[in-house]
Amino acid sequence: MSKRVLIADDEPNIVMSLEFLMQRAGYQVQVAGNGEDALRMATDGHPDLMLLDVMLPKMSGYEVCQKVRADPGCGNVRIIMLTAKGRDTEVAKGLAIGADAYVTKPFSTKDLLAQVKQILGEGE
Amino acid sequence: MKDKLKFAAFLAAWMALSVATIGAMGAVVWSSFNAEQKAAVGDALISQIGLIIILGVLVVAGLGFILQALFNVYIAPPKRLAEGTQVIVTANPSHRVQPEGSAELKALAGVINALAERYEAMQQDVEAKISEAKRTVEEEKDRLAALMSELTQSVIVCNLEGRILLYNAMARQLLSRSGETPSAGLVGLGRSIFGIIDRSLVSHGLETLHDRLGAGGSRPVAQFVATTTAGQLIRAQMAPVISGAGEITGYVLILDDIRRSVEVSSRRDQLLQSLTEGSRSALANIRAAVETLQGFPDMEPARQRRFIQVIGEEVHGMSQRLDEVVNQHADTLKTQWPLEDMLGGDLVAAARRRIERRVGIPTKADEVESPLWLKVDSYSLIQSLTYLASRLHEEFLVREVRFRLTTSGRHAQLDLGWTGATLSSQTILSWEDEPMILGGEASPLTLKDVMERHGGEIWFQVEKASHRSYFRLLLPLTQPEEAAFPLAAAHDSRPEYYDFDLFSQPGQTPELDNRKLSELTYTVFDTETTGLEPSNGDEIISVGAVRIVNNRLLQQEAFDQLVDPRRKMSKESIKITGIEPAMLEGQPTIDKVLPAFHRFCEDTVLVAHNAAFDMRFLQLKENTTGIRFSQPVLDTLLLSAVIHPNLNSHKLEAIAERLGVNVLGRHTALGDAFVTGEVFLKMVPLLAERGIVTLKDAREAAQKTYYARIDY
């Protein structure tokens with residue numbers, strides 16, 4: 001069964017690319033447009049991986065990440081945080097509160113895909 | 001002269017007594033005669049009357065001469081000797097007494113002269129030493145003052161109470177450059193620095209100095225950034241004034257106006273940030289779309305078109321954003337605060353002390369890496385830590401907090417930890433976003449602001465194994481810089497504004513009444529008005545004031561402000577004051593001027609001529625402005641009546657003439673204030689001669705005079 005990826009980002013223009021990319025890579029894709037939806041879909045659906053933007057409406061990506069990590073049912077959800085802010089303090093914060101990887105925008109789609117595969121244990 | 005009179009009187013009495021005695025003896029003998037004897041003796045006497053009179057005169061004169069000779073030898077010389085010695089002791093040590101009179105007296109005079117010789121030599125020696133010491137002190141003072149005036153930095157020296165002992169022209173210029181209310185001379189000798197800079201910031205700086213001095217720092221310097229009461233952003237470098245005993249007795253502040261530089265760099269930062277971070281998303285979208293198009297050429301045309309549309313949209317959006325950024329970045333500025341270099345250990349120690357004192361819970365330092373230099377605004381950071389500790393204590397009953405400070409790459413991790421209670425992200429979020437309140441004082445900043453100011457981050461973490469929770473603060477590290485004190489070369493320029501005697505002056509506020517008039521700080525003021533009847537709507541059109549500190553009228557520290565009375569001026573008033581209605585247009589109104597004047601007068605005794613009149617105008621404004629002048633008031637008119645109760649005129653000109661004060665610029669508020677001030681200074685010693693020494697004495701004496709009963 002193909003793995004499931006939850007994309008949490010409020011910008012349709014990036015969601016379009018990410019969605020297409022993940023589908024072509026053979027994943028089942030779900031999309032959440034804000035932090036609350038993202039948290040609900042993560043705790044209900046237990047996706048294998050979240051692409052989680054930091055700047056989300058309603059609830060920040062950090063908070064979503066911390067709450068997902070606090071939910072014992074979501075132990076296997078991998079999280080890659082995406083951010084438009086490139087400061088290393090934020091990278092440190094993201095990793096400290098439980099993100100598996102932290103990717104700064106703009107990123108190479110190829111690298112992102114490679115990272116997703118690696119985190120899901122499918123890397124070459 | 002007096003002695004001669006006395007002698008003459010004595011002589012006259014002596015002679016009268018002699019004549020009376022002889023007369024009495026004659027009378028007794030006469031009364032024992034019978035009638036015949038009386039007739040015979042009477043005839044005999046009358047026949048010899050000429051001889052008797054001559055003999056009588058000769059006897060009296062002879063006695064007189066003998067007495068005079070005795071007086072000249074035994075009475076007058078010792079008196080002269082005493083006076084001469086008095087002259088040596090009190091007035092002129094080089095005076096010598098004349099040896100005269102008896103041999104014993106001459107010997108005594110010789111000894112006195114020898115003693116005077118010794119005394120004079122000693123006196124000269126002492127005086128030489130004193131003047132030498134004085135000269136050195138004066139030279140040092142002048143050198144220091146010249147140095148100050150050459151400095152391009154603004155310098156203010158204060159004692160521990162925060163009273164200003166010295167300032168240079170640059171400091172005055174810097175701090176009076178306020179766009180705010182008129183000529184409020186905030187910088188002045190004896191004034192409180194807390195009128196310019198927030199008290200808590202200065203205390204924080206002093207605390208830092210104490211700590212660094214205690215830790216063995218040889219030249220400790222504290223830095224902080226403050227918004228002045230006039231709204232300027234200044235950076236202050238603070239260095240202690242250390243007494244011979246190693247105690248801090250005051251401090252030197254070097255001030256820089258950094259608003260401009262902060263604005264410029266902040267604007268640049270803002271621009272940079274919006275151009276980098278603001279473009280990241282858009283670039284990410286474009287790049288993803290482009291790479292997808294490139295990577296999947298087999299994509300169906302409809303989807304391809306949508307990707308190309310995304311690229312178009314994003315590129316368009318970016319161009320627009322660029323324009324907006326360039327146009328608007330100046331309006332969306334957030335002040336960026338310069339940070340100071342601080343040893344991590346110092347920060348932790350200061351935070352622990354503050355928490356223990358303010359929150360009242362014990363603290364511990366688990367691990368503090370050293371030396372570890374941080375680039376921080378220690379004031380707001382310690383405030384934040386205290387704030388966190390206080391909320392943890394109040395809302396989660398945390399009874400102890402622990403600190404840990406370690407490096408991690410380019411940052412320092414400062415952990416504030418505790419055992420037990422974990423926090424929900426909701427709680428953390430609200431703590432971050434709410435203005436920090438500490439001991440009832442609300443800070444304008446939130447925790448988030450403080451972290452942003454540091455370019456740092458804060459988050460909450462739980463150490464599962466040990467059940468320990470902590471806030472981790474990621475803070476910027478720095479290389480330590482030697483905070484050097486700038487010095488400039490000395491020049492022969494004239495002294496500036498200083499009064500080191502203030503170092504030993506106790507606080508002005510309590511028990512003013514029992515302080516000596518010569519020790520107090522005064523604001524001498526005068527007002528010009530539209531007319532003489534405040535209760536009929538007459539208004540103040542001009543306020544002038546000068547300060548007296550340590551018995552000196554400070555010319556530089558004047559308050560001079562025209563006031564828009566918002567009503568017509570009487571013709572007499574225009575004539576007397578020389579102030580034309582046109583001059584008052586655009587001037588501030590009284591409700592703007594009084595607060596500034598009130599601050600100018602803070603902590604001083606008010607002095608005015610015919611003070612009741614001026615005070616009446618001020619008091620009538622109490623309700624509308626909410627400003628009360630509750631200081632003690634002295635009136636030179638009443639004091640003049642105390643000094644010269646028998647003279648009729650106590651007009652300012654008359655008093656000034658009597659006391660030898662030059663009258664210049666009368667009937668301008670500032671001019672009259674100057675004259676009144678000079679007059680008052682002359683009055684202080686005259687009052688002292690009448691036993692009026694303290695403020696209380698003066699107020700009571702003034703109340704008792706006749707004039708005090710006149711009601712204006």
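Q: Let's start with helix H2 of chain A. Which residues of this helix are buried?

A: Before the case, one general idea: an α-helix has 3.6 residues a turn, so residues three or four places apart point the same way. Keep in mind, too, that this is a predicted model. In helix H2 (residues 35-45) of chain A, the buried residues are A:Gly35, A:Asp37, A:Ala38, A:Leu39 and A:Ala42.

Q: And what covers the buried residues of H2(A)?

A: The cover includes three strands of chain A, namely E1 (4-8), E2 (28-32) and E3 (49-53). Helix H3 (61-70) of chain A is also part of it.

Q: Which residues does a cis peptide bond join in chain A?

A: A:Lys105 and A:Pro106, with omega at about -10 degrees. You'll find A:Pro106 in the loop between strand E5 (101-104) and helix H5 (109-119) of chain A.

Q: Can we step back? How many helices and strands does chain A have, and in what order do they run?

A: Chain A has five helices and five strands. Going from the N terminus, the pattern is β-α-β-α-β-α-β-α-β-α. Of the 124 residues in chain A, 44% are buried. As for contacts in chain A with a separation of 6 or more, 59% come from residues 24 or more positions apart.

Q: How many residues of chain A are in contact with chain B?

A: As a general point, the size of an interface is often given as the accessible area lost when the parts come together. Here we can count residues: 27 of chain A are in contact with 25 of chain B. On the chain A side, helix H1 (12-24), H3, helix H4 (88-96) and H5 each supply at least two residues. H1(A) gives the most, with eight residues. Sorted by class, that side of chain A has 11 nonpolar, seven polar and nine charged residues.

Q: Which strands form the open sheet with E16 in chain B, and in what order?

A: The general idea is that strands of a sheet pair through backbone hydrogen bonds, either parallel or antiparallel. In chain B, five strands form an open sheet in the order E18-E17-E16-E19-E20, with mixed pairing. Strands E18 (552-562) and E20 (633-635) of chain B stand at the edges with a single partner strand each, so one side of each has no neighbour in the sheet. From one strand to the next, the twist averages 25 degrees.

Q: In which sense do E16 and E17 of chain B pair, parallel or antiparallel?

A: Antiparallel, over eight bridges, between E16 (residues 522-529) and E17 (residues 540-549) of chain B. For instance, B:Thr529 has B:Ile540 in E17(B) as its bridge partner.

Q: What does helix H15 of chain B touch when it packs on the sheet?

A: Helix H15 (residues 590-601) of chain B touches E16, E17, E18 and strand E19 (605-608) of chain B, and its direction makes about 10 degrees with that of E17(B). Helix H16 (residues 611-620) of chain B packs on the sheet too, touching E16, E17, E19 and E20 of chain B. The direction of H16(B) makes about 75 degrees with that of E16(B).

Note on methods. Residues are numbered from 1 along each chain as its sequence is written. Chains are lettered from A and ligands numbered from 1 in the order in which they are written. This is a predicted model: local features need pLDDT of at least 70, side-chain atom pairs count only at pLDDT 80 or more; totals for chains, interfaces and linings use all residues. A residue is buried if 20 or more other C-beta atoms lie within 10 Å of its own, exposed if 12 or fewer, and partly exposed in between; C-beta atoms are placed from the backbone. Helices (H or I, at least four residues) and strands (E, at least two) are DSSP runs, numbered from the N terminus. Two residues are in contact if their C-beta atoms, placed from the backbone, lie within 7 Å. Ala, Val, Leu, Ile, Met, Phe, Trp, Tyr, Cys and Pro count as nonpolar, Asp, Glu, Lys and Arg as charged, and the others, Gly among them, as polar. Two strands pair if DSSP finds at least two bridges between them. Axes are lines fitted to C-alpha atoms, for helices over the stretch in contact, and angles run from 0 to 180 degrees between N-to-C directions.
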